[in-house]
Amino acid sequence: MNAAATKTGFGDRPQALAHEPPLAAIALVSAAALGYEILLLRLFSIIQWHHFAYMIISLALLGYGVSGTFLAIAGRWPRRSYTALFAANAVFFGFSSVGCFLLAQRVPFNPLELLWEPRQFLYLAAIYVLLSIPFFFAANCIGLSFYRFRGRVGRIYGSDLLGAGIGAAGVIVLLLALSPSEALRALGALGPVAAALAVFSSGVNRRWLAAALLAATAALPLLLPGPWTDLRMSPYKGLSQALRVSGAKVVEQRFSPFGLLSVVESRKIPFRHAPGLSLLSPAGPPDQLAVFTDGGALTVINRYRENEAPPAYLDFLTSALPYHLLRRPKVLVVGAGGGTDVLQALYHRAESIDAVELNPRMADLMRRDYAAFAGRIFDRQNVRLHVIEARAFAAAAEDRFDLIQMALVDAFGPSSAGLLALNESYLYTVEALERFLARLAPGGLLAITRWTKLPPRDGPKLLATAIAALRKSGVARPERRLALIRSWKTSTLLVKNGEFGGDDVAAIRRFCRRRAFDIAYMPGLLAEETNRHNRLGRDYFFEAASALLGAGGEDFTGRYKYDIAPATDDRPYFFNFFKWRLLPEVFGLRGMGGLGLMEWGYPVLAATLVQAAAAGLLLILLPLWIGGRGGTAPSGIRRHRVLIYFLALGLAFLFVEIAFIQKFILFLSHPLYAAAVVLSSFLVFAGLGSLFSTRLRKRGIAGTRPGNPCLLAAAAIAAIAAGLLAVLPSLLPLLAPLPEPVKAAVTLLLIAPLAFFMGMPFPLGLARLGEQAAELIPWAWAINGCASVLAAVLATLLAVEFGFTAVVVLAVGFYGAAAWAYF
């Protein structure tokens with residue numbers, strides 16, 4: 001062995017270059033990077049708003065594209081110092097993942113000032129750069145491994161995906177045990193551990209000492225003082241505003257993957273949360289505790305004593321209307337929250353009350369910590385609390401209900417600003433209303449209360465969705481089954497399992513007259529009877545109801561200022577009201593309060609796509625510009641085919657992942673579980689497919705080597721995806737009553753074949769480049785990284801416009817394009 005083979009340190013030697021890739025270290029880096037990505041979404045949803053978190057993190061992921069471009073420009077020198085560079089990048093990832101977030105949350109970015117304060121764009125760019133740094137280092141670890149061990153591409157990509165799959169599930173488990181800031185430090189510690197694994201497996205001398213030193217650095221993120229990593233919430237969020245009130249303070253906080261719950265007490269200036277309360281109410285709310293989710297969505301816990309009557313103000317809300325049409329109903333409350341709707345049902349002497357709550361931490365607050373404050377309402381014999389998603393409960397329940405109550409299942413602040421536009425909601429789709437209507441007893445009522453925003457959005461869209469659900473259920477005259485009333489702040493829509501009779505109409509008139517509420521629609525209502533108490537310049541609600549129920553409903557929907565087309569399970573964006581033609585009007589009124597007209601979520605996503613496309617184009621073209629503009633690599637491979645191949649794969653993989661996460665949300669009862677189970681299943685089985693791709697390419701199946709293995713994988717993907725799209729809509733509802741662990745196993749089995757074949761094309765392409773044009777591997781890595789960022793944004797935009805089925809169909813087309821480019 002020569003002298004070079006016996007030197008100490010990290011520097012790779014000719015003999016050392018022959019060792020195997022550090023698969024465990026690669027998997028750990030991938031797990032930490034994906035866990036960090038998911039955690040950033042949680043962190044920024046707390047300190048900012050969900051859709052800005054989505055935009056910021058999507059652009060930060062361009063760090064993967066920057067990594068590929070960097071490696072492409074760097075040439076061959078990184079290969080000669082692989083172990084040292086891998087270890088350094090892994091350590092830098094660990095430290096920067098913590099440090100860059102702490103710096104980013106101190107940037108004074110205020111998204112509400114974007115239209116008139118140019119400085120905000122500089123702040124936004126600073127956040128992009130800061131958060132892209134950790135992903136750059138993580139991507140360097142993987143890209144370096146592809147470049148250095150190009151004969152082991154299948155194993156490296158398999159380890160990358162398997163690690164990412166474990167990270168997707170692991171971060172959810174982590175958030176069940178730790179606060180978000182503690183989870184951040186834990187993920188930061190994984191970078192040095194991965195570096196230690198890489199050094200230990202490299203074969204260099206003194207590797208035990210080097211690995212021990214690197215592992216010791218993993219403790220540094222964990223030793224950071226707690227205040228250094230405290231979250232700094234935007235001063236414009238509801239919780240921050242509430243804490244400005246003299247004497248208000250946070251008395252309890254609960255962390256979980258479902259959100260940060262903050263319980264706020266204000267003794268000097270009490271909370272008086274009663275949305276839409278009639279101005280004729282003889283009583284106000286009792287003492288209340290406010291509960292904020294992620295610093296935004298607000299619910300309250302009313303002080304109540306078990307031996308007293310519930311507070312009378314509950315009868316002066318628009319949501320009380322159904323109790324004046326029913327006697328001692330059996331009630332299902334969707335979104336138990338702080339128990340206000342349950343208390344309202346008790347006030348009206350409901351025979352039985354089933355309340356469903358999605359967040360188990362919220363349920364714990366009501367059943368344990370604040371049970372005495374709330375009068376132990378969930379301990380009553382006729383009240384049952386179920387921690388489950390509402391549609392899953394409706395699918396499994398055997399009982400029929402006289403009333404299903406859904407009152408303000410979101411917060412006004414985010415809703416009014418359009419901040420929920422990209423939040424999928426399966427409570428307000430045509431299929432959801434069909435499901436709830438099917439659970440009603442004869443003559444039962446579905447009551448949905450929404451915010452009154454001007455110009456109206458929620459009310460007309462909800463009405464259009466209810467009309468579509470009734471017609472889909474075979475109701476010939478939906479106008480006889482609907483009633484809509486409004487106050488100064490809220491509106492309540494009633495949908496009856498049967499037709500409203502004369503007694504119902506009289507009861508509605510009496511209820512509204514005594515509370516100064518306006519009737520916006522009911523059978524037989526005349527135009528002159530509307531808009532009497534809470535007067536508008538014109539009664540948009542009555543006009544919308546009359547038009548939607550008439551022959552020109554579709555034409556009215558197309559002409560309306562906002563998007564009020566019915567939401568469906570395939571396009572579950574009820575809160576997206578944005579139309580492009582509204583943008584010039586809003587921009588023209590930006591200095592005169594015009595922002596109130598704006599629905600922010602969709603245009604922010606479109607802006608994200610533009611930024612990602614511009615940055616991605618630069619990163620893809622830069623290596624070509626620096627290295628020469630020829631269309632053919634020295635090996636004869638056409639660069640445009642490389643571009644098409646890896647661009648198509650990056651788009652297709654994410655398109656399928658995102659679409660099927662949505663398809664399984666209802667089945668798995670919660671978006672968080674759906675994301676964890678589906679994402680982990682896709683990544684793990686795609687990793688197995690990557691490992692198998694080496695055999696497929698060399699020996700084929702049954703000893704027959706295919707001329708184009710990518711075409712075989714693409715054909716299998718198309719066939720399986722088509723089968724799933726055809727079968728899932730009818731299969732999943734039949735399996736909905738199964739226990740959650742069984743449903744997770746079913747999901748895994750359904751996804752496994754599709755994911756297995758999806759894991760093959762990328763390593764097949766890289767392996768071919770490794771044989772014929774190894775210098776293009778970093779460029780291919782850059783293309784795929786940029787495409788993945790574009791895919792996450794573009795898939796959501798396409799789903800909003802055309803639905804998730806269209807996204808899957810387009811993904812299949814991209815796999816076909818990749819198969820063509822492989823030749």
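**Notebook: a predicted model, looked up residue by residue**

**Entry 1. Arg-515.** I found Arg-515 to be buried, with a relative accessible area of 5%; buried means under 20% relative accessible area, exposed over 50%, and partly exposed in between, with a 1.4 Å probe and protein chains only. I was working on a predicted model, in which local features need pLDDT of at least 70, side-chain atom pairs count only at pLDDT 80 or more, and totals for chains, interfaces and linings use all residues. Residues are numbered from 1 along each chain as its sequence is written, and side-chain values use heavy atoms, with hydrogens and water left out. I placed Arg-515 in helix H18 (residues 502-515); helices (H or I, at least four residues) and strands (E, at least two) are DSSP runs, numbered from the N terminus. Which residues does Arg-515 touch, not counting those up to four places away in sequence? I listed Ser-278, Leu-280, Asp-315, Phe-316 and His-324, where contact means heavy atoms within 4.5 Å.

**Entry 2. The whole protein.** I noted 29 helices and twelve strands. Of the 823 residues, 59% count as buried. Among contacts with a separation of 6 or more, 76% join residues 24 or more positions apart.

**Entry 3. Confidence.** The average pLDDT is 84, and 85% of the residues score at least 70; pLDDT is the predictor's confidence in each residue, from 0 to 100. I marked residues 1-18, where the pLDDT is below 50, although the model gives this stretch 33 contacts beyond near neighbours in sequence. I also marked residues 411-421, where pLDDT stays under 50 and the model has 36 contacts beyond four places in sequence. Where pLDDT is low, the predicted coordinates should not be read in detail.

**Entry 4. Helices H1 and H5.** I looked up how helix H1 (residues 23-47) packs with helix H5 (residues 82-104): the angle is about 10° and the axes are 12 Å apart. Axes are lines fitted to C-alpha atoms, for helices over the stretch in contact, and angles run from 0 to 180 degrees between N-to-C directions. H1 is therefore roughly parallel to H5; angles under 35 degrees count as roughly parallel, over 145 as roughly antiparallel, 65 to 115 as roughly perpendicular and the rest as oblique. The contact includes Tyr-36 and Phe-44 of H1, and Phe-86 and Phe-93 of H5.

**Entry 5. Helix H16.** In H16 (residues 430-438), I found Val-430, Ala-432, Leu-433, Phe-436 and Leu-437 buried. Why do the buried residues line one face of H16? Seen down the helix axis, they fall within an arc of 160°, the arc being that of the directions from the axis to the C-beta atoms. Their cover includes helix H14 (390-396), strand S9 (440-451) and helix H17 (458-472).

**Entry 6. Loops.** I noted a cis peptide bond from Leu-454 to Pro-455, with omega near -10°; Pro-455 is in the loop between S9 and H17. Arg-349, in the loop between helix H12 (340-347) and strand S6 (352-357), has phi near 60°, a positive value in a residue other than glycine. Arg-349 counts as exposed, at 63% relative accessibility. Leu-408, between S8 and helix H15 (412-416), has phi near 50° and counts as buried at 19%.
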